[in-house]
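Dear colleague,

I am passing on the structure below, together with notes on its strand pairing and its charged side-chain contacts. Please read the notes alongside the coordinates.

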Amino acid sequence: MTPKEAIDNLKYLISEDCTESQFGFIPEIEFAIEALEKQIPKKPTKLTHKILIDLGWIYACPNCKGACGENKYHPEVTDDEMYCPSCGQLIDWGEKE
C-alpha cells in the first residue's frame with residue numbers, strides 16, 4: 001500500500017460515505033493523514049525571503065515554506081537532506097524549481 005492509498009482509505013473512514021462509525025478516532029485519523037501526506041515527495045521551490053537567501057539558503061519546503069536543502073555556506077551538512085528539517089516533508093530533489 002502506498003501513502004496515497006492509505007490517505008484515501010483514511011479519508012474515507014472519516015467521510016459521510018462511511019457507514020462504520022469512526023467518531024471517537026477522527027483526530028487520530030486526521031493526524032495520520034497529515035503524517036502520511038508528508039511521505040509523498042514534493043518539489044522544493046526557490047526561496048524569496050532575502051534574509052534566508054543572504055544566509056545561504058536557496059530552496060524552500062513546499063509544505064511549510066521553511067528553508068531546506070543545500071545551504072551554500074554549509075554544503076557538508078545540508079547537501080544530502082531528504083526531508084524538511086522544520087516539518088518533515090519528503091522533498092523531491094529530482095527537478096528543482
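To begin with the strands, β1 is joined by 2 bridges to strand β2, which covers residues 57-60, and the two run antiparallel; strands, as used here, are DSSP runs of E with at least two residues, helices are runs of H or I with at least four residues, and both are numbered from the N terminus. Two strands are taken to pair if DSSP finds at least two bridges between them.

Please keep in mind that this is a predicted model, in which local features need pLDDT of at least 70 and side-chain atom pairs count only at pLDDT 80 or more, while totals for chains, interfaces and linings use all residues. Residues are numbered from 1 along each chain as its sequence is written, and side-chain values use heavy atoms, with hydrogens and water left out.

Turning to the charged contacts, the count comes to 4 salt bridges, where a salt bridge is a side-chain nitrogen of Lys or Arg within 4 Å of a carboxyl oxygen of Asp or Glu. Three of them are described here, with accessibility given as relative accessible area (buried under 20%, exposed over 50%, partly exposed in between, with a 1.4 Å probe and protein chains only).

One of them links the side chains of lysine 4 and aspartate 8, with 2.9 Å from N to O. Both residues lie in helix α1 (residues 3-13), and because they are 4 residues apart there, about one helical turn separates them. Lysine 4 is partly exposed at 46%, and aspartate 8 is also partly exposed, at 38%.

A salt bridge also forms between lysine 11 and glutamate 37, whose closest N and O atoms are 3.6 Å apart. Since lysine 11 lies in helix α1 and glutamate 37 in helix α2 (residues 26-37), this pair ties together parts that are 26 residues apart in sequence. Lysine 11 is partly exposed, at 42%, as is glutamate 37, at 30%.

Lysine 43 and aspartate 92 form a further salt bridge, with the closest N and O atoms 3.2 Å apart. Here the loop between α2 and β1, which holds lysine 43, is tied to the segment after α4 (75-78), which holds aspartate 92, and these parts are 49 residues apart in sequence.
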